[in-house]
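Here's a quick briefing to read with the structure open beside you. Have a look around first, then come back for the walk-through.

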Amino acid sequence: MPKAVRRTFVLVTTPVALVALLGAAAPPSQGSSGAGDPYFPLAGNGGYHVGHYGLTLDYDPGSGHLAGTAVLTARASQRLTRFDLDLNGLTVTGLTVGHTKAAFRRDGQELVVTPKRALRKGEWFTVTVAYKGKPAPVTDPDGSLDGWIPTDDGAFVAGEPQGAMTWFPANNHPKDKSSYDITITVPKGHTAVSNGVLLGERTAHGKTTFRWRQSEPMAAYLATATVGKFKVQQFTTRDGLHVYNAIDPREAAAATPVVKQLPSVLEWESKLFGPYPYRAAGSIVDHAPNVGYALETQTRPVYDRAPDLSTLVHESAHQWFGDSVSLTSWKDIWLNEGFATYAEWLYAEQHGGDSAQKTFDELYAKPASDGLWEFPPGDPGSGANIFGTPVYARGAMTLHVLREAVGDRTFLRILRTWAGEHRDGHGTTAQFVALAEHLSGKNLDKLFQTWLYAPGKPN
Ligand code: TRP
Ligand code: ZN
């Protein structure tokens, strides 16, 4: 047996080496091709954190052509002779690290970058990627479309869980959060709507440029650049919140009365969950019959059609749970969907609708053979299940059972403390359980074990 191989064999017997061996075949100076998410192994990348994305895009809805420049300002968390970005489709026409041209190659969704000189651990650097092409959505494991989805008058842009990489090179995992400047040029008459605050809008030579700024940290999947022919409404609330609504005229009759309620919904949610985490808000109501879902794009959810009030409440609650407090692993998706769904139940309860108890009871009455009990929400098993009924409904039921166990006051304190302590950051299921136990002074292991992890209908 050659010496090198024998040495490897010996190392394998220590747990640390075992992890290193399983986790990354790459030499230590190469950033890994994924962020370590078992459901989406190539999502995100290792070796650096992106502090800021500067995206400059030009989109022509007629031809479906997109031209973009992305400037990523990032910090190396290890020495890097090589690192990856995620980019699906499109053609890269130039790439520099700092001011120096860097070598790159494409390998599926990995854009593999080899800078001219190695980056030191802790070093801040910029990557500038020029790219173009006809963006197309990806198909998720559950069959849904995700990313840049062309519509009859523009594009519906929503990236959960994977689609951000269909329109910009990204460290495409919610583990990494960044601020964004997104500038989009579209033909005059079209509107391009993104996250955060609109810094400016300018028309020249038959084209209009919209400059958006998302200052608070955002996961890549929550970025949008939705393009269409929209009716736009802008105002600032008494609290200084910048509201920007864009509504497809075909959806306006149904959407307008619902969208109008956003400020009062956010106010109600702020009373329950603590201060709204952002300085901007709004709604994008598109007419996108081929999409089939809405997404809680940060500060400004995007709807594929006129939403009903409970959908607006749901996407708004995600601003606290999912957007401000982000996942570190897609397996924890109930922390997003269970919470946003429970917000719908609470809203109904406090606005003349069914009590949360009634909603719980109706669900609990479903037979053990029902799809609701197909898998436990804390362990959906694969990326194909992350938007399944158990995640939403049994996830919300878990919170209701917690509320029953600790009482209303403590329950709300848990939610508020969770949103406050992890604001603009991340949270895991284990941390949520620990917080609930800490604030209630109760051992809740059995409750969470049963509702989050036990297969089948809990009894
Ligand atoms: N997170 C979205 C919500 O519940 C739903 C969603 C996003 C979705 N992408 C999806 C649902 C893909 C099904 C398929 O608000
Ligand atoms: Zn949701």
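Does His173 count as buried or exposed, and why? His173 counts as buried because its relative accessibility is 2%. Keep in mind that this is a predicted model, so the values below are computed from its atoms.

**Around His173**

- You'll find His173 in the loop that runs between strand 11 (154–158) and strand 12 (177–187).
- Its side chain makes a polar contact with the side chain of Asp37, at 2.8 Å.
- Asp37 also turns up among the residues that His173 touches, leaving aside those up to four places away in sequence.

**The zinc site**

- Three residues supply the protein donors of the zinc ion (ligand 2): His314 and His318, each through NE2, and Glu337 through OE.
- These donors lie 1.9 to 2.0 Å from the zinc ion.
- Along the sequence, the donor residues follow the spacing H-x3-H-x18-E.
- His318 and Glu337 link distant parts of the chain, being 19 residues apart.
- His318 sits in the loop between helix 5 (309–317) and strand 21 (325–326), while Glu337 belongs to helix 6 (residues 334–350).
- Both His318 and Glu337 are buried.

- The protein chain splits into domain 1 (15–319) and domain 2 (330–453).
- Taken over C-alpha atoms, the centres of domain 1 and domain 2 are 27 Å apart.
- On the contact count, 34 residues of domain 1 meet 30 residues of domain 2.
- Together, domain 1 and domain 2 bury about 2,600 Å² between them, and 61% of that is on carbon and sulfur atoms.
- As for polar links, 13 residue pairs are in polar contact across the interface of domain 1 and domain 2 (both at pLDDT 80 or more).
- On the side of domain 1 that touches domain 2, the elements giving two or more residues are strand 15 (207–219), helix 4 (262–273) and helix 5.
- Helix 4 gives the most to that side of domain 1, with 6 residues.

Note on methods. Residues numbered from 1 in each chain as written. Chains lettered and ligands numbered in written order. Predicted model: local features only at pLDDT ≥ 70, side-chain atom pairs only at ≥ 80, totals over all residues. Heavy atoms only, no water. Donors = N, O, S within 2.8 Å, 3.2 Å for Na, K, Ca; no water. Helix = DSSP H or I, 4+ residues; strand = E, 2+ residues; numbered from the N terminus. Buried < 20%, exposed > 50% of the residue type's maximum accessible area, 1.4 Å probe, protein only. Domains from an automatic or database assignment. Contact = heavy atoms within 4.5 Å. Buried area = accessible area lost by both parts, 1.4 Å probe. Polar contact = N/O pair within 3.5 Å; in protein donor to acceptor, adjacent residues only side chain to side chain.
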